[in-house]
Every structure is written in C-alpha cells, then in structure tokens.
Amino acid sequence: MREDGYLTFALCKGRLASQTLELFERMGVACGEIKDKSTRKLIFEDKERKIRFFLAKGPDVPTYVEYGAADIGVTGRDTVLEENRNVYEVLDLGFGKCRMCVCGPKEAGQLLLHHERIRVATKYPNIARDYFQNKKHQSVDLIKLNGSVELGPLVELSDVIVDIVETGSTLRENGLEVLEEICPLSARMIVNRVSMQMEAERIRELVSLLRKLC
Ligand code: PRP
C-alpha cells in the first residue's frame with residue numbers, strides 16, 4: 001500500500017475481466033471508466049474508497065503483485081501456478097471455472113500409458129513440466145506456444161497439448177479430446193506478502209465481503 005492510503009489492484013484482461021469488474025461493481029466500486037472500451041487510460045481510481053486498479057495481461061498480474069506494484073491481483077489459477085510467484089493466494093472467486101488438461105487425438109492416449117518420450121505443445125510449460133515429471137514420471141519435449149495451442153497435434157508439431165478446456169468446443173471442432181485432467185481452475189485473488197501484513201484488517205474485510213458476494 002502507498003502512503004496515500006490507496007489499495008492497488010491488478011486485474012486480468014481478457015476472459016476474466018468482465019466478471020471481475022462485475023464483482024467490483026457489486027462491491028460498490030465505480031468501474032464505469034475502465035469499462036469504456038474507447039479509453040486508452042491505464043489506471044483508474046475510486047477516490048471515495050481509496051481503490052486504484054488497472055487491467056494487465058494475465059501472466060503479468062502475479063509479477064505486479066510480487067513486486068508490490070499492486071497490493072492485490074485477480075487472475076486465473078492457471079497463471080498463478082504457471083508464474084509461481086511469491087504471493088499469497090487468499091480466495092477462490094469461483095468464476096472462470098475450467099480445467100487444465102492433456103489433450104490430443106484419441107490415439108495419442110496410448111502414448112500417455114507407456115512412459116514414451118513425447119512432444120507436448122503448451123502455453124504453460126511449468127505446469128506441463130511439473131505434471132509429466134513429478135506426477136507421471138514421463139519424459140517429454142516441451143514446445144512453448146502463445147495461443148491456438150490446439151494446432152500442435154493438427155499440424156504434427158506435437159503429440160499432445162497441455163491447455164485450458166472450458167466448454168470443450170475448441171477440442172471438438174478440431175477432432176481432439178481430453179486425455180487426462182491435470183487440475184481444476186478458476187479465478188483467484190492473490191495478495192502481496194508485505195501488503196498482507198501492513199493492510200491485514202482492510203484485506204481481511206475485503207476477502208470476507210468478496211466471499212459473501214461470490
Ligand atoms: C483458450 C484455451 C483453448 C480454449 C478453450 O484459448 O487455450 O484454446 O480457450 O475453450 P473452450 O473449451 O471453451 O473451447 P483462448 O480463447 O484464451 O485463446 P488462445 O487460443 O489464443 O490462447
């Protein structure tokens with residue numbers, strides 16, 4: 001927290017943003033300005049509540065929080081696990097529910113049974129490495145992609161992918177399926193370690209209010 005008494009929030013852009021802002025509005029935070037798509041402004045303030053917030057790319061949210069540039073962050077559990085930053089995870093916000101899965105064509109299921117060395121394309125190399133090394137004890141070559149990961153097996157870049165599955169429609173439309181589930185995901189609230197101590201009361205109140213709302 002800054003000397004001006006403001007609590008700063010880093011919120012994840014993209015899929016989770018609208019649900020996060022909806023939650024903030026239900027808390028009584030004025031979000032009108034940040035929802036205006038034509039604005040290029042980056043930081044918004046609710047002067048009455050002494051809350052400042054900004055939207056950032058998901059993987060950057062834990063970075064802002066670890067360094068104390070934001071006291072609190074809201075982002076997906078996928079990002080929290082992948083970035084593995086030194087922050088407190090204080091609340092499961094319950095929305096943005098989906099699953100981290102190993103996916104591929106049906107036949108690739110066989111490759112997961114025999115500890116063969118396989119190629120795995122993913123946006124989440126740390127999650128994928130942890131899963132294959134520590135849970136499955138299977139050697140893999142990880143190929144980092146930045147999006148449209150389902151292309152991996154389709155163009156023979158990889159045998160399987162590790163990716164988020166929400167409705168499953170991207171997989172279905174591309175002839176792929178869930179082969180193994182790694183973990184369930186949803187939006188999480190994370191807190192800077194120093195802010196957690198310095199602003200304990202305010203953060204505790206906020207968490208209990210959010211718990212009632214979500
Ligand atoms: C995510 C994810 C899958 C898709 C899953 O991609 O990587 O591709 O959503 O959703 P579904 O199960 O509802 O089809 P996103 O749309 O975020 O874009 P990206 O492919 O560029 O990462």
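Visitor: Which element supplies the largest share of the lining of the largest pocket?
Guide: This is a predicted model. β4 (72-76), α4 (77-83), β9 and α7 each supply at least two residues of that lining. The largest share, five residues, comes from α4.

Visitor: What is the volume of the largest pocket?
Guide: The lining of the largest pocket divides into 13 nonpolar, 15 polar and 12 charged residues. The volume of this pocket is about 970 Å³. Of the 40 lining residues, those closest to the centre are Arg 15, Asp 78, Lys 123, Tyr 124 and Ile 164. To restate the value asked for, the volume is about 970 Å³.

Visitor: Where does the ligand sit?
Guide: There are 13 residues around the ligand, and Lys 123, Glu 150, Asp 163, Thr 167 and Thr 170 come nearest. As for the site, the ligand sits in the largest pocket.

Visitor: Which element gives the largest share of the shell around the ligand?
Guide: By class, the shell has two nonpolar, six polar and five charged residues. Two elements, β9 (160-165) and α7 (169-173), each supply at least two residues of it. The largest share is three residues, and they come from β9.

Visitor: How much of the accessible area of the ligand does the protein cover?
Guide: Polar side-chain atoms lie at 2.9 Å from a ligand oxygen atom for Arg 15 and at 2.6 Å for Glu 150. For Lys 123, a polar side-chain atom lies 2.4 Å from an oxygen atom of the ligand. Of the 490 Å² of accessible area that the ligand has on its own, the protein covers 75%.

How values were computed
Residues are numbered from 1 along each chain as its sequence is written. This is a predicted model: local features need pLDDT of at least 70, side-chain atom pairs count only at pLDDT 80 or more; totals for chains, interfaces and linings use all residues. Side-chain values use heavy atoms; hydrogens and water are left out. A residue is near a molecule or strand if one of its heavy atoms lies within 4 Å of it. A polar contact is a pair of N or O atoms within 3.5 Å; within protein, one must be able to donate a hydrogen and the other to accept it, and residues adjacent in sequence count only if both atoms are side-chain atoms. Accessible areas come from the Shrake-Rupley method with a 1.4 Å probe; for residues, only the protein chains shown count as cover. On a 1 Å grid over the protein atoms alone, a cavity is a set of points where a 1.4 Å probe fits but cannot get out, and a pocket is an open set with protein on both sides within 12 Å along at least five of seven lines; lining residues have an atom within 4 Å of a point. A molecule sits in a cavity or pocket if more than half of its atoms lie within 2 Å of its grid points. Helices (H or I, at least four residues) and strands (E, at least two) are DSSP runs, numbered from the N terminus. Ala, Val, Leu, Ile, Met, Phe, Trp, Tyr, Cys and Pro count as nonpolar, Asp, Glu, Lys and Arg as charged, and the others, Gly among them, as polar. Grid points are joined across faces, edges and corners, and a volume is the space filled by probe spheres set on the points.
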